Amino acid sequence: MDRRGEARRAMTIDNVTQRPAGGSESARVYDYFIGGDSGLEADRSAGAWIRLQAPDLLAAMQENRFFLSRAVRWLSRQGVDQFIDIGSGFPVSPNTHEIALSASPSGSVVYCDVDHAVGQRTRALIAGTKGADFVQADIQNPEELLAQPAIQKLIRSGRPVACVLAAVLHFVPEDADPEGITAVLRESLPSGSYLVVSHIAGDIPWADRNNAETLERAFEDMYPRTRAQVTEFFGDFELVAPGVVPAARWQPAEGMSGEQSDLAIYAGVGRKA
């Protein structure tokens with residue numbers, strides 16, 4: 001179906017009563033949520049509809065972005081200068097490479113996503129940027145992903161690598177074995193490496209202001225999980241304080257209290273001994 005040819009009504013509170021048709025893509029709807037401009041009209045329409053009906057879902061995705069930035073900065077302060085950002089999505093500043101390479105210009109960041117359009121946008125953004133690369137691969141095929149030369153280069157360096165799985169595992173169904181996937185990724189990392197995870201929560205209730213049917217529709221492509229399930233993704237990695245917590249509570253920025261901690265998204269960082 002050619003999404004560009006889809007006719008759209010204006011998105012208003014009065015006429016938005018069901019999810020827009022037209023084949024919106026989750027990566028591009030997420031891009032809309034965090035302020036990007038990569039979506040098609042169908043994706044922006046779906047995002048606008050969700051924002052009206054489930055404002056906390058939008059807030060959770062934005063909080064995920066804030067967590068990612070804090071985590072990359074924290075890791076950079078620990079001396080980590082190699083990052084593999086899996087399921088990176090459309091680039092929206094500040095991107096992982098902008099933060100990491102500003103802290104360590106000799107570092108390396110490899111983005112990875114299965115979406116062709118994400119690859120095109122990311123390659124265009126990082127063109128000419130020393131230390132930044134993109135590979136197209138699917139998290140559900142971790143061995144193939146890890147075999148990519150750009151990723152192998154980081155792993156074989158023997159130095160710590162931060163593997164970033166920000167808001168990607170909740171798109172992996174149980175029958176694809178997300179625990180097995182993360183185990184393969186963890187095993188590949190050198191000693192002293194880190195795993196960064198954020199994930200929609202399945203055991204934090206959504207406030208009444210969020211329409212239950214809207215959330216159900218939004219989660220058609222997502223698999224919310226409990227805190228215990230998200231913690232399992234870290235295996236025997238040592239969790240960095242404060243552990244797996246609602247995203248706003250993870251190392252809140254100076255002057256921030258983490259009061260948005262009721263948002264249904266978990267975050268955590270773990271270190272390999």
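Strand S8 (residues 265-271) is mostly covered, with 6 of its 7 residues buried, where buried means under 20% relative accessible area with a 1.4 Å probe and protein chains only. Strands are DSSP runs of E with at least two residues, helices are runs of H or I with at least four, and both are numbered from the N terminus. The model is predicted: local features need pLDDT of at least 70 and side-chain atom pairs count only at pLDDT 80 or more, while totals for chains, interfaces and linings use all residues. Residues are numbered from 1 along each chain as its sequence is written, and side-chain values use heavy atoms, leaving out hydrogens and water.

Two strands pair if DSSP finds at least two bridges between them. Strand S5 (residues 194-200) runs antiparallel to S8 and is joined to it by 7 bridges; here His199 stands opposite Tyr266. Strand S6 (residues 238-239) is also antiparallel to S8, through 2 bridges, and Leu239 has Gly270 as its bridge partner. Strand S7 (residues 245-246) likewise forms 2 antiparallel bridges with S8, with Val245 partnered by Ala267.

The structure holds 1 cavity of 30 Å³ or more, a cavity being a set of points on a 1 Å grid over the protein atoms alone where a 1.4 Å probe fits but cannot get out. The largest cavity contains about 80 Å³ of space, the volume being that filled by probe spheres set on grid points joined across faces, edges and corners. It is lined by 13 residues, of which Ser88, Gly89, Pro91, Asn95 and Tyr111 are the closest to its centre; lining residues have an atom within 4 Å of a point. Helices H3 (55-77), H4 (96-103) and H5 (116-126) each give two or more residues to this lining.

Technical notes. On a 1 Å grid over the protein atoms alone, a cavity is a set of points where a 1.4 Å probe fits but cannot get out, and a pocket is an open set with protein on both sides within 12 Å along at least five of seven lines; lining residues have an atom within 4 Å of a point. Buried means under 20% relative accessible area, exposed over 50%, partly exposed in between (1.4 Å probe, protein chains only).
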